[in-house]
Structure formats: C-alpha cells, structure tokens
Amino acid sequence: MHKIASPSDTFSQHTPMMRQYLQLKRQHPDTLLFYRMGDFYEMFHDDAEKAARLLDITLTTRGQSAGQPIKMAGIPYHALETYLARLVKMGESVVICEQVGDPDGKGPMQRQVSRIITPGTLIDADLLEERKDTLLLSLTQQRQRMGLAWINLASGDFTLTEIAAPHLPATLERIRPAEILLPESLDIALPANWIAQTRRPEWHFAVDAARRLLCAHFQVRSLAAFGAETLELSVAAAGALLQYAQSTQASALPHVQGLRVEEESIYLGLDLATRRNLELTETLRGEASPTLFSLIDRCVTSMGARCLRHNLHHPLRDVRIPAARQEAVAELLAARRVDGLRQRLKRQADIERISGRIALQNARPRDLSALRDSLLGLPELAAQLAFAADGIPSEDGLLTQLAADLFAPQAALDLLIAAIAEEPAALLRDGGVIAPGFDAELDELRAINDNCGAFLMELEGRERERSGIANLKVEFNRVHGFYIEVTHAHVNKIPGDYRRQQTLKNAERYTTPELKAFEDKALSAQERSLAREKALFEGALADLQTHVADLQRIARAIAQLDMLAAFAETAERRDWRRPEFSARPGLLIEGGRHPVVEGEMTDGGETFIANDLNLSETRRLLIITGPNMGGKSTYMRQSALIALLAHIGSFVPARKAVLGPLDRIFTRIGASDDLASGRSTFMVEMTEAAAILHQATPNSLVLMDEIGRGTSTFDGLALAFAICRALLEKNRSFTLFATHYFELTRLTEDYPALANVHLDAIEHGERIVFLHALEEGPASQSYGIQVAALAGMPAAVVRAAKKELRKLEEKAADDALQPDLFSSQPRRVPSAPETEPHPALDYLAALKPDDLTPKEALDALYALKNFLLAPQEAN
C-alpha cells in the first residue's frame, strides 16, 4: 500500500501538486481527505481505494508521481453533501480541502482545510437527523470510576458526569452518542453499535491542561461555579472533548456558554436491558417503529421532537417538574388551545440549530430568513398562552414561564428584517441574499447589472440606425462577453470603429470601444456585487453572534411548548388521564393499557382490554400466571410504561394512576444469546437477574418474566423460588413476577405481601380463547399445547403431546414422593426405600421457610434431583 512520504529525497521527486497533497495528508493521516481540484473532490492512493469501496465510485490510475502510479477516485463538488451523509452514517470522518486564492503561475493552486466532518461534530442541516440529537462523547477511566463528557455542537449543550464503570453500558444507551473519544491506551469494550470511536493521545486527557482549557473557554478562574472542580476524571474527558471539537470546527465555539454537571440520581434509573425491553425509541428488532416515541411524537417542530426523545431517556425521579408539565397539559386542554398552539408552532424553524450555525459562522442565507420569520411569529405564539380565564394559566405555572421566554432580541430582529432578502438564494455565491436598500454601494452595483438589458437594447437600436443593418444583434455569452453580430451579407456596411472578435459560418462578431467599456463596467460590477454581498452577510453573522444566548433561550421554550402540546394532543386523542403522585409507597392503576399495543390495535379496529394494578406496602409482589400469549408480558410492560410516562410529565393510558416514590425500573423480559460475548440465553438471563438483586430497592419497580426457563425444570424452579424470596425479603421491591412454575403460587402461604393474579383463557372445542383480563388467584393451567396448535404445529405432533401430557399428569398424581419446599408446614417424607435414604431428605424434612437461603435451596434441590433420578443400585 502507498505510504505517505516523509521528508526525504523521495518527497522532492513528487509533482508540486502531490507535494501539497501529501503535506496536508500528513496532518490527517487517519481521515479521508477530499482534495478540491476544479469541479471535483479527488482522493488519492489509500484514500482513493477506501472511498471507492465505501461509496461504490470508480477507482482509476493516472500518471505518476515520484515514479509511482497515482490511484485516484473523485466525486463532483455539487454532490458533496450526499456523499458526506453516506460516509458519516458509516462512522467515517472526512477532511474537506478547498482551493483558495488564484493561481499565480509559479506553483499549484493554493489549498487549505476548510472543515473537518466527523459523526459527532455535525452542524450542517443536510447531514443532521432532524428529530434526533447528534452527540460527541469523551470518556476516561481510573480503576472502577469513569469520567464522561458530551456535547451537542448544534445547540451548544455541554454536560459531564462521573459513574461507576459497570454503569457505562446503561449510560451510553441513555446518551446514544454518535462518536466516542478515547485515550489511546484505554482498553475497554464498547457496544458494537457505537461505530465511530476516535482514539486521542494520552496528553489530551491530562487533567491540569483540561482544567486550564475549560477555565479559559468559560472565562472563569475555577470550575467550582459549575460544580466540577473536584471531578477530575470528568474534567479530563471534557478538556479532550473541547479541544477536539474546536479543532474540527476551527472555531472557539462561542455558543458553548455553560457546563452542566449531571448526577445519575436525578433520573428514574433505567438500565440497558430495561431501555431495550420497553422499546422506548427502538424496537427489539432495531426499527424506529412501533415504539413509545413513534406513538407520542406528535411534535410539529424538530426541536420539540428532540426534546421529547431526550426526556423519554431521562425520566425524572423528583416529581415536581413532571407534575408542573402535567399541570401545563391540563391547562392547555381546559382552555382548548392545543390546535391553535400547534398551528403556530408549525411555522417555527429550527432555531436551536440555526443559532449554533450562526455561532460557528456556518449559517446559510435561508437559515437567516427562516430565523427572521420565526422571530416575527413569536408574539402570535405567546398570545396563544395568554388565555387567562378561571385562573388559567397560573401566574407561576410552566406555561407562564415559557411565554415569558418568547420574546425576540429586537436588535437581531431589526438586522434580519433590514439585511436579508424576503426570499434569498439558497447559496451565498448565487447572490440575491442581501435585501435592497440595506447597502447603497451594493444597490449601485446591482443597478448596473439590472440596467444591462436596457442598455444593450438601446445600443442595438442606435447601431442598426448608424450602420443601416436591420438584422444587427447585440448579445452576450460567458466565453466572449458582449458582442455585435453581423451576417456576412452586410459586413461591407460596418462602421470603421468595429473590431472583429470572432468569425462564424454565417456571421462575424465585433466589439466597439463603447461596448468594451460597458462590458468592463458590467462584469466588474457583478464580481464586486457578489463580493460585497459576501462581506455584508458575514458582517450580519458576526453581529448576530452576540444574540446566540437569546436565540437558545427561545429555542428551549419552543421545544418545551411543542412537547407539552404533543402530550396534550395525545391525551385528547387517545383518552389518556392525568396521573397523581403520592408520598405513600405503591403503584395503583385502574384501567391501564399498553400505549403502543393499544395504538396498533386501535388503528386496526380492535379493542384493547384494560387491566388494573395494585401494589402497596402490604402487597409488594404479584405472581402472574396464565397461558402463553395470554398477555402477561404486555401487562407487565404497560405498568412500567405508565410509570415512565408519568415521570416525563405526560398523561398516561389509564382511567386512574397513583404513583408513590420510584427510583428505578428494572426488567427481566425475554432474552437471546449474546454470541459476541460468548453468553448463552440462560447466562444473559441470570446476569440481568443478578443485577436486579444487587441494585433494586424498596422504591424500585421490578418486572420478572419467566425467570429460570432457560435450564432444567428443577434448576429453573429452584432459581425462580430463591429469586422471588430474595425480592420479597431483601430487596422488598414492587415486583411483577410472571411464571409458569405453578409451585410458586403457594408462596402466598408464607408471605402476606405476595399475591397471585392470572390472565385467563377458555377452551372452546379444539380452540383456545384468550380473555386478556386480569383476575385474582393463580391460573388453572398453561394451555401450552393449545398455543402450539395456534402456532401451526402439525396435528400429529399436537395429538402426541396431549397423549404424553396425560401420562405425565397421571404419573405425577400417583407419585408417592411429593416434597413440598414451598409450604410452612413440616415436610412430608415417604416411607424409607429399600436402600438407605439420601441425607437430603432428612435435611429437607427439617427445614422451615425462614431457614432456606437461595444457596441452600439450590443445594437441596440439586441433591434431591440427583437422588430421585439415579438408579436405585447407585444409591
């Protein structure tokens, strides 16, 4: 493969153009370099091969440099954004190198790097996903602590935190960065879907240098005001992050005006498994729909959609903010202002991202016209919140606070109105961006261009009259400029001051001193006009930079308003109700529904069966039994989603919901092999269950679905029993525990805080009908064979299964040895066998429930299983 030349005799043998390229490539050895040559961006050598492979473009070899063939691949300059978008989605970074100045004839055209595009530092509207934040994250580690910092360059939000190393997967799933910066020496396994990982030198993460850089950026003497002075790991990550972001943007990032320290404890805890199992923003298959986000994203602005997505992954533990949002939603519904508010929100541009591009001097003409129109619409938008009637909105309520933020900085608005054309061109180089009347010099230059047509027509008339040539034409083209065209039949009539420019088959083209003077003036005016517009536009951007903080304030208010309006629209359309928060522990839901499943069923003309949930201090764990496909998993998930929706400030799909204090939601629902880590389905299941037992508290909501099913019956039963007891005795969490181990339903005899409920089904002939309604008490059977028949199992197999089931049931009924591990009554031991009984029987007979730890239960059941299954002679 081609190696980048080092300073040597070989380097001097390259052509001047290749020397220039290689010098630039040395500065960015691991990044694709797009090198502008005329109307194309070219790539050479290794970059050409890589680009050809990734973009499916042609790889060619042309000429030689230093005795080596030059491999090339290129893309048209006008298609740049399309190819950049494809590369960014692949996790690639790109350096854009543009031509600057004019060739002087003494060497190649001068070129310099204009921007660096990486997956985490996108600001261009064409490259960003409208309804999803693009985040750049940096991390470093010391022993079992990790420092994280992340930034949203489009909005300027800069956050840092410190976490325990085992919490990293859940934290990454919550933040979802597009690119991760790591020290070169840090050996850490990251999830496979974080495709863009950038290694940086160790010294970039030096804490002292990072602190100095951050203090200089925020113009403070210490980071204490941000609460970050003692967070050395996070500060080190933040310093590396800021340095990288500044280098990619070639800017000091003036819109990054604050640093926020995030505490994990402020959020309702959702681990990695829970976020995936609840399908908040992505289905288990990795699709964007149907999910909770796709259902409730009724936002009419991209700012609102991003705000909603963020809040779905960051439900708040403190209920004061969610309660204030629910009060605002209730006020909007009571005043019947939802539709009017949403209609006016639709007219708002993405002020958040436009303000970021203004700060980075990267805004386009139509960004500014859209910003102007949005600011002009703020009074009308604020008026939608001034519906004071019956005390609505409350004086200190959220809607009143948001309305107070909806005012434009007058100087910025005046500048936009005066400077930017009503409908500017898409690109500055096309002209027509600055409004008429804003600049006298520009108006004069434009007048020359605008009067060009009239002058040419007047000149053409005069020359026809002077020469007597009736078909004489005065015209213009880009190659030869202005000219007078005369057919060969009339060349003998031309005046003496005509000078031949070009001979054609049927005509001659001429110029005159007057026409040449006008041409010089007109062409010069066009170039000067474009140059003047560019200078005025850049001046306007510089003036607007001072208003970026105000624009960010407006953007945050609009985003929140849009989210609240979406909550209100969803509540009204889907009959969701306002939840209540209580200081009393528990979770009471009447008529609860699964929002996504109900949405899919309603769209299909079906009706969802609502169910109640009652968890309290005296009823902490529900054993849920019932047939497969009976709705157990749906019932469990809907309970968690109702709690989560309440904690983001939304109304909920229930007739009534009262929630006590919650700190975390855990789920152990479904599982699959983790082949990349060499973990079986059962190992994944046990790992998730262990995490719950270690972390769940009395204020946690725990969903356990079919625990223990991935191993043998005795092993699974023993584990389910031990885990259930641990959740009751040690964790004391509010738990929904779905199982097919009917033996567990007898635990109610020993634990008053445990109750049995079931989702029933009935048999009708050879068919089964699922009722999906929750009832008290345990289920009578699992209907597994009937479900298999519904799945299309061959009839012969179903008949054989039923026959075998009858045999097993008869054998179980006749079995004399029925050790009861789950009753408080003394264990019944059968009469002694012919051989000496196993010690496990005596051990089990003497045990009482309070003596039985999870390990002892496992040991006892293993011993008993082996004893029962072993041939008698082996005893």
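Tutor: Let me begin with the caution. The chain as a whole has a mean pLDDT of 86, and 88% of its residues reach 70 or more.

Two notes on conventions before we go in. This is a predicted model, in which local features need pLDDT of at least 70 and side-chain atom pairs count only at pLDDT 80 or more, while totals for chains, interfaces and linings use all residues. Residues are numbered from 1 along each chain as its sequence is written, and side-chain values use heavy atoms, leaving out hydrogens and water.

Now to the part itself: a sheet and the helix that packs with it. Helices (H or I, at least four residues) and strands (E, at least two) are DSSP runs numbered from the N terminus, and two strands pair if DSSP finds at least two bridges between them. Six strands make an open sheet in the order S3-S4-S2-S1-S5-S6, and the pairing is mixed. Strand S3 (60-65) and strand S6 (111-117) stand at the edges with a single partner strand each, so one side of each is left without a neighbour in the sheet. On average, neighbouring strands here are turned by 35° against each other, direction ignored; axes are lines fitted to C-alpha atoms (for helices over the stretch in contact), and angles run from 0 to 180 degrees between N-to-C directions. Strands of a sheet pair through backbone hydrogen bonds, either parallel or antiparallel. Strand S1 (residues 32-37) and strand S2 (residues 40-44) run antiparallel and are joined by three bridges. To find your place in that pair, look for Tyr 35, which stands opposite Glu 42 in S2.

Next comes helix H3 (residues 45-55). Its buried residues are His 45, Asp 47, Ala 48, Ala 51, Ala 52 and Leu 55, where buried means under 20% relative accessible area, exposed over 50%, and partly exposed in between (1.4 Å probe, protein chains only). Viewed down the axis of H3, these residues fall within an arc of 145°, so they line one face of the helix; the arc is that of the directions from the helix axis to the C-beta atoms. An α-helix has 3.6 residues a turn, so residues three or four places apart point the same way. What covers the buried residues of H3? The cover includes helix H2 (16-27), S1, S2, strand S4 (68-76) and helix H4 (80-89). After H3 comes Asp 56, with a positive phi near 55°.

Lys 50 forms one with Glu 92, their closest N and O atoms being 3.0 Å apart. This pair links distant parts of the chain, with Lys 50 in helix H3 and Glu 92 in the loop between H4 and strand S5 (94-99), 42 residues apart. Lys 50 is partly exposed, with a relative accessible area of 25%, whereas Glu 92 counts as buried at 18%.

Asp 124 pairs with Arg 115, the closest N and O atoms lying 2.4 Å apart. Asp 124 counts as buried at 8% relative accessibility, and Arg 115 as partly exposed at 21%.

For contrast, here is a salt bridge elsewhere in the chain. The side chains of Glu 460 and Arg 464 meet at 3.6 Å, N to O, and both lie in helix H19 (residues 452-467), four residues apart, about one turn of the helix. Glu 460 is buried at 19%, while Arg 464 is partly exposed at 31%. Back in our region, salt bridges that share partners join Glu 81, Arg 115, Asp 124, Asp 126 and Arg 364 into one network. The total count by this rule comes to 48 salt bridges.

Terms used: pLDDT is the predictor's confidence in each residue, from 0 to 100. Contact means heavy atoms within 4.5 Å. A salt bridge is a side-chain nitrogen of Lys or Arg within 4 Å of a carboxyl oxygen of Asp or Glu.
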